[in-house]
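Here is a colleague's note for someone opening this model for the first time. Please read it with the structure in view.

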Amino acid sequence: MTHALDLRQIRKSFGPVDVIHGIDLAIGEGEFVVFVGPSGCGKSTLLRLIAGLDDPTSGDILLQGRRVNGVPASERGLSMVFQSYALYPHMSVRQNLSFGLENLRMPKAEIAQRIEAAAKMLQIDHLLARRPGQLSGGQRQRVAIGRAIVREPVIFLFDEPLSNLDAELRLQMRVEISDLHAKLGNTMIYVTHDQIEAMTMADRIVVLRGGRIEQIGAPLDLYNHPANKFVAGFIGAPQ
Ligand code: ADP
Ligand code: MG
């Protein structure tokens, strides 16, 4: 079976500093995989390499079996959602949602239909005429997720999308993103440093430390059988 994503011996250096130290990872179609690890361990860097926003120093990236090293981000068929939302402040919500699709020269009727469906799903259909500055944090993050959905990506990439939200909203959005995965069935890669998000959302968790994979497994496997003290400290049962 072809994997949604294969990382083969991925290394990344910034000048003399090695940040990713040879990562091998295969992710199956439709899997919800969570990358966890402390700040600075290379989570965002790895996501950016997958997205095509940066290139690995060495190693291969395969999407559905096809090597995509050097293929620009816009041609990889992936959508990324950032912690900072990254919305265009001078555009309406509708324009934020349609912008990327217009660049793909998609017919107007198809764009309108996709926006309507995504806006309904995320309950932002009453906000389409507003600008990002007129929205709450949770509403902005919904728009950012909507912008990812309308592209109908083969893989969703989330980089700590809920970190800027308060605890109650984080819980609500966590459930909504899990529901979205159940509904759409897409492959999703979700970066967080929040153990609870990892435990509750993931099919599999990848624990990163210093640019290396410490352990991969289903949440309960990691919780009950952490490979070492680091993993135990991060997501294991109290010892
Ligand atoms: P995380 O997302 O896990 O917090 P990052 O992937 O952002 O970690 O960063 C991993 C390491 O790589 C950090 O030490 C960071 O300072 C370094 N780094 C990330 N991007 C760059 C860059 N463009 N230039 C130099 N160093 C970088
Ligand atoms: Mg990061």
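1. Strands β9 (residues 204-209) and β10 (residues 212-217) run antiparallel and are joined by 5 bridges. Strands here are DSSP E runs of at least two residues, helices are H or I runs of at least four, and both are numbered from the N terminus. Two strands pair if DSSP finds at least two bridges between them. L208 has I213 in β10 as its bridge partner. The hairpin of β9 and β10 has 2 residues between its strands, and G210 takes a positive phi near 55° there.

2. A note on the model itself. It is predicted: local features need pLDDT of at least 70, side-chain atom pairs count only at pLDDT 80 or more, and totals for chains, interfaces and linings use all residues. Residues are numbered from 1 along each chain as its sequence is written, while chains are lettered from A and ligands numbered from 1 in the order in which they are written.

3. Another hairpin is formed by β1 and β2, with 2 residues between them. F14 is bridged to V17 of β2. In the turn, G15 has a positive phi of about 55°.

4. Which residues surround ligand 1? They are F14, V19, G37, S39, G40, C41, G42, K43, S44 and T45. A residue is near the molecule if its C-beta atom, placed from the backbone, lies within 6 Å of it. Helix α1 (residues 43-51) gives the largest share of this shell, 3 residues. By type, the shell holds 3 nonpolar, 6 polar and 1 charged. In this scheme Ala, Val, Leu, Ile, Met, Phe, Trp, Tyr, Cys and Pro are nonpolar, Asp, Glu, Lys and Arg are charged, and the others, Gly among them, are polar.

5. Q64 is not a glycine, yet its phi is positive, about 45°. Q64 sits in the loop between β4 (58-63) and β5. E160 also is not a glycine, and its positive phi is near 45°. E160 lies in the loop between β7 (155-159) and α5 (167-184).

6. Is E160 buried or exposed? E160 counts as buried because it has 20 C-beta neighbours inside 10 Å. Q64 has 15 such neighbours inside 10 Å, so Q64 counts as partly exposed. The cut-offs are 20 or more other C-beta atoms within 10 Å for buried, 12 or fewer for exposed, and partly exposed in between, with C-beta atoms placed from the backbone.

7. G77 is in the loop between β5 (66-67) and β6 (78-82). G77 counts as partly exposed because 15 C-beta neighbours lie inside 10 Å. Leaving out residues up to four places away in sequence, G77 touches P153 and V154. Contact means C-beta atoms, placed from the backbone, within 7 Å.

8. The largest nonpolar core has 59 residues, and V34, V36, L157, I189 and I205 touch the most other members. Helix α4 (residues 137-150) supplies the largest share of this core, 6 residues. Such a core is a set of buried Ala, Val, Leu, Ile, Met, Phe, Trp, Tyr and Cys residues joined through C-beta atoms within 7 Å. Beyond residues up to four places away in sequence, I189 touches I27, V33, F35, L47, I50, I155 and L157.

Definitions and conventions
Contact = placed C-beta atoms within 7 Å.
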